[in-house]
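Reader: I have just opened this structure and would like a friendly walk through a few of its parts. Could we go step by step?

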Amino acid sequence: KCCPHCQGTKLLGKGRYQRRVRHLDCFKETTHLIVHTHRFLCVSCGRSFIPRLPGILPGRHSSEPFREAIYQQHQDGVCTRTLARSRELGQATVARIYQQFTRRKAA
């Protein structure tokens with residue numbers, strides 16, 4: 001492990017950290033992943049950080065497979081309002097996820 005800011009390798013543990021993110025539904029039930037990780041302090045630059053988690057982008061409250069499923073359903077013709085109601089999300093969130101994935105696919 002190394003610091004994402006300065007690439008330093010001298011790290012101190014600052015304690016445990018827990019992330020809760022929305023994941024793919026299982027048997028039509030809302031599913032959340034609870035991921036336990038650690039927060040680290042870089043001795044070189046003095047900044048603290050949480051290591052990147054595979055499949056969960058920084059600042060997101062949902063996993064990439066969940067976001068991909070939202071994009072695919074919207075792409076297949078499910079309207080924003082219906083998708084938002086069935087997934088218990090806001091319409092703006094569904095639209096934002098669709099826009100982000102559309103930009104990724106275009107790039």
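Reader: Which residues does Thr31 touch, not counting those up to four places away in sequence?
Author: This is a predicted model, where local features need pLDDT of at least 70, side-chain atom pairs count only at pLDDT 80 or more, and totals for chains, interfaces and linings use all residues. Residues are numbered from 1 along each chain as its sequence is written, and side-chain values use heavy atoms, with hydrogens and water left out. Contact here means heavy atoms within 4.5 Å. On that basis Thr31 touches Val21, Arg22, His23, Leu24, Asp25 and Cys26.

Reader: Where does Thr31 sit, and how far is Thr31 from Val21 in space, C-alpha to C-alpha?
Author: Thr31 belongs to strand β2, residues 29–42; strands (E, at least two residues) and helices (H or I, at least four) are DSSP runs numbered from the N terminus. Val21 is 10 residues away from Thr31 in sequence, and their C-alpha distance is 8.6 Å.

Reader: Which backbone oxygen does the side chain of Thr31 reach?
Author: The distance to look for is 3.3 Å. At that distance, the Thr31 side chain meets the backbone oxygen of Glu29.

Reader: Is Lys28 buried or exposed?
Author: Lys28 lies in the loop between β1 and β2, and its phi is near 60 degrees, a positive value in a residue other than glycine. Buried means under 20% relative accessible area, exposed over 50%, and partly exposed in between, with a 1.4 Å probe and protein chains only. Thr31 has 21% and so counts as partly exposed. Lys28 has 82%, so Lys28 is exposed.

Reader: Which element gives the most to the lining of the largest pocket?
Author: A pocket is an open set of points on a 1 Å grid over the protein atoms alone, where a 1.4 Å probe fits, with protein on both sides within 12 Å along at least five of seven lines; lining residues have an atom within 4 Å of a point. The largest pocket is lined by 15 residues, with Arg60, His61, Ser62, Arg67 and Thr93 nearest its centre. Elements giving two or more residues to this lining are β1 (11–26), α1 (64–75) and α3 (91–106). With four residues, the top contributor is α3.

Reader: What percentage of residues 2–45 is strand?
Author: The end C-alpha atoms of this span lie 12 Å apart.

How values were computed
A polar contact is a pair of N or O atoms within 3.5 Å; within protein, one must be able to donate a hydrogen and the other to accept it, and residues adjacent in sequence count only if both atoms are side-chain atoms.
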